[in-house]
Amino acid sequence: MGIDRRRRASLALTLNFLALFLAVSALTTSYWCEGMRKVVKPFCTGPVTSKQAFCIMFNSSNINDSRVVQYIWETGEDKYLMRKFHTGIWFSCEQNINMTGEKCRSFIYVAPANERGEIISFLNVSCKNIGSTHFEFYGKIQTNSMWV
């Protein structure tokens, strides 16, 4: 009252291909984590003809002027935007400031420029470590199976 050998093998093969497909899709997608992020609105640049909700208008031409910080209480504007994002192992995407479209970056460009070399060397060392562990384990299996 069990499954015959051919059906078990077929079921095992099907489940392994399904697991492989899910693993590959998990590694290639950028939707591991989704959410909203609070970011500070940038100052409006260029000629402004109407009220813009995605930037902060100010009356001073000098950005270092201390009066530009008073816009929150004087005009009642909100200082922050809520931007949608989604991220995975290889890519991180965030909604544009004007809330149309999105900007995606590779994981290498998320880090500051002076730390990118460290990320590459860490990935290199990690891959070598995984490879040497795999070959060491495979060598032990071959050595032990010779004596059996």
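Among contacts in the chain between residues at least 6 apart in sequence, what percentage join residues at least 24 apart? The figure is 43%, where contact means heavy atoms within 4.5 Å.

Before I continue, a word on the source. This is a predicted model, in which local features need pLDDT of at least 70 and side-chain atom pairs count only at pLDDT 80 or more, while totals for chains, interfaces and linings use all residues. Residues are numbered from 1 along each chain as its sequence is written, and side-chain values use heavy atoms, with hydrogens and water left out.

Let me begin with the overall layout. The chain has 4 helices and 4 strands, arranged along the sequence in the pattern α-β-α-β-β-β-α-α. Helices here are DSSP runs of H or I with at least four residues, and strands are DSSP runs of E with at least two, numbered from the N terminus. Of the 148 residues in the chain, 13% are buried. Buried means under 20% relative accessible area, exposed means over 50%, and partly exposed lies in between, using a 1.4 Å probe and protein chains only.

I turn now to the hairpin. Strand β3, residues 91–95, and strand β4, residues 102–106, run antiparallel and are joined by 5 bridges; two strands pair if DSSP finds at least two bridges between them. There are 6 residues between β3 and β4 in this hairpin, and M99 in the turn has a positive phi of about 65 degrees. Within the pairing, E94 has K103 of β4 as its bridge partner.

How many salt bridges does a search of the whole structure find? The search finds 2, a salt bridge being a side-chain nitrogen of Lys or Arg within 4 Å of a carboxyl oxygen of Asp or Glu. One of them joins E94 to R37, with the closest N and O atoms 3.1 Å apart. E94 lies in strand β3 and R37 in strand β1, residues 33–40, so this pair ties together parts that are 57 residues apart in sequence. E94 counts as buried because its relative accessibility is 14%, whereas R37, at 41%, counts as partly exposed.

There is also a salt bridge between R83 and E94, at 3.4 Å from N to O. Because R83 lies in strand β2, residues 80–87, and E94 in strand β3, this pair ties together parts that are 11 residues apart in sequence. R83 counts as buried, with a relative accessibility of 12%.

What else surrounds R83? A polar atom of the R83 side chain lies 2.8 Å from the backbone oxygen of Q95. Leaving aside neighbours within four places in sequence, the residues in contact with R83 include G35, M36, V39, N96, I97 and M99.

Next, the aromatic rings. The charged end of K38 sits over the ring of Y80, 4.8 Å from the ring centre; the criterion is NZ of Lys or CZ of Arg within 6 Å of the ring centre and within 35 degrees of the ring normal.

Finally, consider D78, found in the loop between α2, residues 71–75, and β2. D78 counts as partly exposed, at 48% relative accessibility. D78 and V40 are 38 residues apart in sequence, and their C-alpha atoms are 9.2 Å apart in space.

Definitions and conventions
A polar contact is a pair of N or O atoms within 3.5 Å; within protein, one must be able to donate a hydrogen and the other to accept it, and residues adjacent in sequence count only if both atoms are side-chain atoms.
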